[in-house]
Amino acid sequence: MSLPLFEEKKPEPEVDDPITQERKRLYKAIQHIPHRIGVHAGKGGVGKTFLSTQLALLYTREGRQVGIIDADVDCPNVANTYNLEQDMLVNAEGKLIPAQYEKIRIASTAFMQKPNESLIIRGPIKHRLLTDFIEKTAWGELDILLFDFPPGTSDVPLSAMQVANLTGILIVTTPQKEALQDARRAIHMAKRIGTPIIGLVENMAGPVFGEGKGKALAEELNIPFITSIPLSKEIREQAEQGKLAIQNKELLRII
């Protein structure tokens with residue numbers, strides 16, 4: 001009696017879930033950019049947009065090609081910092097054309113709304129806008145892509161960290177107790193989801209708010225302390241004019 005022949009069953013090919021598919025697709029869109037850096041703060045008002053825009057100016061002056069995604073999509077401030085008012089256009093291939101300031105390429109919802117107009121949107125739309133900025137912007141050749149994250153540890157900064165495939169993140173704080181506590185939370189979130197932490201920057205240091213607390217926090221949490229930026233009228237005035245206001249050599253060494 002002949003034995004029945006059984007065809008060897010081939011294993012089913014693995015299919016990624018939709019979230020993994022999205023992350024892979026977005027990474028493919030920006031993987032050619034060597035440095036993808038998030039600038040984040042646990043608390044609002046500590047100067048993350050100040051640091052993002054100053055970093056862009058600092059590295060542009062060094063001859064690097066720099067882009068910024070204003071990931072704080074409902075409260076964008078990058079365009080205002082650079083005193084930019086223009087529309088974001090679309091090219092023949094359907095890609096968004098980033099705005100430019102001193103060769104810095106910028107994608108922001110500020111260019112999609114009237115000045116001082118509120119952009120009232122829920123989480124899924126914020127996520128979609130962020131992914132469009134990553135995937136559907138004609139960035140061209142960049143050395144550095146900065147993400148100016150919204151503050152906190154809610155869905156938008158979490159989504160941004162997860163889909164941006166960052167090479168590293170900078171945490172910004174001031175020396176005040178509340179800012180330090182929220183910076184601690186932001187650092188904890190980055191560690192939990194596996195985002196590499198470049199280090200901590202202490203902003204607005206000096207006799208008014210104190211100084212040295214940011215360095216102490218970095219040492220406590222075993223992350224690099226990058227630099228301290230003083231609270232200064234001159235720095236504020238230069239930054240509000242869209243000019244390079246800081247010359248910290250330590251910031252040039254983060255990449």
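**View 1. Helix 2 (48-61), helix 3 (78-81), strand 9 (197-205), strand 10 (225-230) and helix 8 (233-240) each give at least two residues to the lining of the largest pocket.** This is a predicted model, in which local features need pLDDT of at least 70 and side-chain atom pairs count only at pLDDT 80 or more, while totals for chains, interfaces and linings use all residues. Residues are numbered from 1 along each chain as its sequence is written, and side-chain values use heavy atoms, with hydrogens and water left out. Helices (H or I, at least four residues) and strands (E, at least two) are DSSP runs numbered from the N terminus. Helix 2 supplies the largest share of the lining, 5 residues. The lining comprises 9 nonpolar, 11 polar and 4 charged residues (nonpolar: Ala, Val, Leu, Ile, Met, Phe, Trp, Tyr, Cys and Pro; charged: Asp, Glu, Lys and Arg; polar: the others, Gly among them).

View 2. Gly47, Thr49, Phe50, Asn203 and Met204 are the closest to the centre among the 24 lining residues. A pocket is an open set of points on a 1 Å grid over the protein atoms alone, where a 1.4 Å probe fits, with protein on both sides within 12 Å along at least five of seven lines; lining residues have an atom within 4 Å of a point. Grid points are joined across faces, edges and corners, and a volume is the space filled by probe spheres set on the points.

**View 3. The second largest pocket, with about 420 Å³ of space.** Its 18 lining residues include Leu84, Ala110, Lys114, Pro115 and Asn116, the closest to its centre. The lining has 7 nonpolar, 6 polar and 5 charged residues.
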